[in-house]
Amino acid sequence: MGQDHIRYDILAQDALRGVIRKVLAEVSATGHLPGDHHFFITFLTGAPGVRISQHLKAKYPEQMTIVVQHQFWDLKVTETGFEIGLSFSDTPEKLVIPYNAIRGFYDPSVNFELEFDVAAGEEEAADSAEITAYPLDEATETATDDNTEKPDGPKGGGASVVSLDSFRKKN
């Protein structure tokens, strides 16, 4: 089998991150979330380009899940990431998050989730990529607007996990 010089795994991850970029850009343009939509976004706090306060970095040294729902401000979306203002225990914070740092995106209002296997280094990321995209059933818990941890993935059947490694040609 030949080597994948095109790197379909990277292209697929970039395409799915484009979904997040488009959704956030629409929210930024209108200034609010449509309907009951709200997002849990999990990201690696130590990833290149992530900017959060030292307080949040100390509290969440590896990864953090934010809730974008009612109380956010100054959402700015670029080609490589986004910045957002959120409140943590009544303290306003500005976060800058590159799309490459995102491990998960979840919208419980429509039971939609994207999950990325984000490795610590760029070379590791290229070697092991897995994407999960699946609708969730009604049994999945939702959380309120308090920046709590995202519930554990889907409960029940209906999950479809796509491992990009299964599509790679082996040498």
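E83 lies in strand 4. The model described here is predicted. E83 counts as buried because its relative accessible area is 17%, under the 20% cut-off. Its side chain forms a polar contact with the side chain of K94, at 3.4 Å. Apart from residues up to four places away in sequence, E83 touches D74, L75, K76, K94, L95 and V96.

L95 is among the residues with the most contacts inside the largest nonpolar core, together with I41, F43, I66, F82 and I84. This core has 31 residues. The elements that give two or more residues to it are helix 1 (8-30) and strands 1 (39-44), 2 (63-68), 3 (72-77), 4 (81-88), 5 (91-98), 6 (102-107) and 7 (112-116).

What is F43 in contact with, leaving aside its neighbours within four places in sequence? The residues are V50, I52, E62, Q63, M64, I66, L95, I97, A101, I102 and R103.

The chain as a whole has three helices and nine strands. From the N terminus, their order is α-β-α-β-β-β-β-β-β-α-β-β. Some totals for the chain follow.

| Quantity | Value |
|---|---|
| Buried residues, out of 171 residues | 40% |
| Contacts between residues 24 or more positions apart, out of contacts with a separation of 6 or more | 58% |

Technical notes
Residues numbered from 1 in each chain as written. Predicted model: local features only at pLDDT ≥ 70, side-chain atom pairs only at ≥ 80, totals over all residues. Heavy atoms only, no water. Core = buried A, V, L, I, M, F, W, Y, C linked by side-chain atoms within 4.5 Å. Buried < 20%, exposed > 50% of the residue type's maximum accessible area, 1.4 Å probe, protein only. Helix = DSSP H or I, 4+ residues; strand = E, 2+ residues; numbered from the N terminus. Contact = heavy atoms within 4.5 Å. Polar contact = N/O pair within 3.5 Å; in protein donor to acceptor, adjacent residues only side chain to side chain.
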